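Subject: Structure for you to look at

Hello,

Please find the structure below, followed by notes on what was found in it.

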Amino acid sequence: MSYVLRTLRKKREVDTIIRDTIDKVLVLRFGRSSDPLCKSAREVSKFANVVLVDIDSDEIQVYASYFDITFIPSTVFFFNAHHMKMDSGTADHTKWVGAFHKKQDFIDVVEAIYRGAMKGKLIVSCPLPSERIPKYQLLYRDV
Amino acid sequence: MATLADSFLADLDELSDNEAVVIEEEDVDAGNMEEDVDGEMADIENLNYDDLDSVSKLQKTQRYVDIMQKVEDALQKGSDISNLGMVLEDDPEYQLIVDCNALSVDIENEIIIIHNFIRDKYRLKFPELESLVHHPIDYARVVKKIGNEMDLTLVDLEGLLPSAIIMVVSVTASTTSGKPLPEEILDKTIDACDRALTLDAAKKKVLDFVESRMGYIAPNLSTIVGSAVAAKLMGTAGGLAALAKMPACNVQLLGAKKKNLAGFSTATSQFRVGYIEQTEIFQSTPPSLRMRACRLLASKSTLAARVDSTRGDPSGNNGRALREEIRKKIEKWQEPPPAKQPKPLPVPDSEPKKKRGGRRLRKMKERYAITDMRKLANRMQFGVPEESSLGDGLGEGYGMLGQAGSGKLRVSVGQSKLAAKVAKKFKEKNYGSSGASSGLTSSLAFTLVQGIELSNPQAHAHQLGSGTQSTYFSETGTFSKIKRT
């Protein structure tokens, strides 16, 4: 791990980074510690930008509620300021919930997002087999 | 008249040598000539078989004696390097060294002649020995040791030869076809061996002398390879000028031992290195780099020898610089390669796949291309129900395949596009065979409805196939519509 992921704590930083990442997938990782995404961040760096969003900071709570983030860690993908969705066979397509099983899985997911985005799609299907996808149950509250 | 008859008879023997000449006077001359030839032959035989002294004259020559004397004196005097100022050629020591070089070459030739002599004599006793022991000095020593002995177990050859060769020699001796030599020939042989050994000792002395003076003669060369090896190289080459003239690849091989032919495999034989093998630089390089080091050494020492032969750098600085260069290069070879940097993955789809083309690919694609038969089967005529494999609309439909009036009687393997280009060159197209290229098909066909159906060659030629070939892009087609305006 040669460097730690860039951590964002302010709403403005998140805004700028979403706006400024052009032609690259922006991977917003909502989480706490620096984690195994670090090494893969460099490998993917030619077509993706990986950023850690500190979920404990106050300003970020806006985003957390916007994206409905309840499970740590969760990952949201952006491309050219568009929110990319991924159908991985789970209930929630807007984000990736949970940790990745392997580094290669993460790279595969980012590559699938990139390819779909270059074609102009806004939702792509997940290339991973279902064993590698973290499963969860969606509970609705106050609905 | 008798002579004329003789001359005619002699003319008939045209294959014999010119000495069988015609006229009497010439016969006399011829007789003389023949005698002379015989005389020479006798001399040669004498040379080879009887007298050692007529073979090996070197030790008796004045020149040899002189030079050996001087060498002895100089060796006892010790080194005396005080005449750097003098021009090289005038220096008597330099002259002596040049003479020594020439002498060492002469000695070597002499040794070879003596070796031949010994070999010829000893052939009666032990003919196989010459092919087992190649080196002349070793051969002489072995012959001296064995003498007239028939049983080789009594002879101790330890130290003269490598033990493998000793074993082979003993085995061969037990089955040899030789017989013990008569006394005089044995004496002569032993004498010749002694002479060869003294010559060898003399050569060593000469080389030692040259070596001690090496730093004076060729400072640059001796800085690189060391004075012993430099002396040997110079001795084998026959002088500094001769060494300088040689290309580096030859210098590398000076003094290389000959192949060991005793039935031993050459898979383990050493690579082609000569005296260079004995240099300190070579010995200190790891074995994997030795070939490269040897080549490098040979080339740099050739350069140094050239500098020395023209006396361009008497102080030896050039040699030191070259030695440093060699050392640096060898060190660089031994460096580990630079560490590999992990590279990020390339952007997906940024490098388009390189599609290949060409004749080979086209031929491969032809194997999976849609054939004319399949094309016909895929299409249907308007208003005409197609036949099917199970009848009555069940099973696979046949489309226009085999339908009456389709213009083609038989659908066979269509010509590939490549072949069509070839066919285009031959303008006479298939008149009567309706597309079939094999000679066994006929142009008659029996259909269920009409009986015999004949094909109209004109119609076929114009139709260009029953709708499977496009007429617009056809290479063989003609105008499709000519309307009078």
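Between chain B and chain A there is 1 salt bridge, a term for a side-chain nitrogen of Lys or Arg within 4 Å of a carboxyl oxygen of Asp or Glu. The side chains that form this salt bridge are B:Asp349 and A:Arg115, at 2.5 Å from N to O. By class, the side of chain B that touches chain A has 6 nonpolar residues, no polar ones and 1 charged residue; Pro and Leu count as nonpolar, and Asp as charged.

This is a predicted model: local features need pLDDT of at least 70, side-chain atom pairs count only at pLDDT 80 or more, and totals for chains, interfaces and linings use all residues. Residues are numbered from 1 along each chain as its sequence is written, chains are lettered from A and ligands numbered from 1 in the order in which they are written, and side-chain values use heavy atoms, without hydrogens and water.

In the interface, 7 residues of chain B are in contact (heavy atoms within 4.5 Å) with 9 residues of chain A. The two chains bury about 790 Å² between them, 66% of it on carbon and sulfur atoms; this is the accessible area (1.4 Å probe) lost on being put together, summed over both. B:Pro344, B:Leu345 and B:Pro348 lose the most area in chain B, together 62% of what that side buries.

Chain A has 143 residues, and 45% of them are buried, that is, under 20% relative accessible area (1.4 Å probe, protein chains only).

Regards

Definitions and conventions. Buried means under 20% relative accessible area, exposed over 50%, partly exposed in between (1.4 Å probe, protein chains only).
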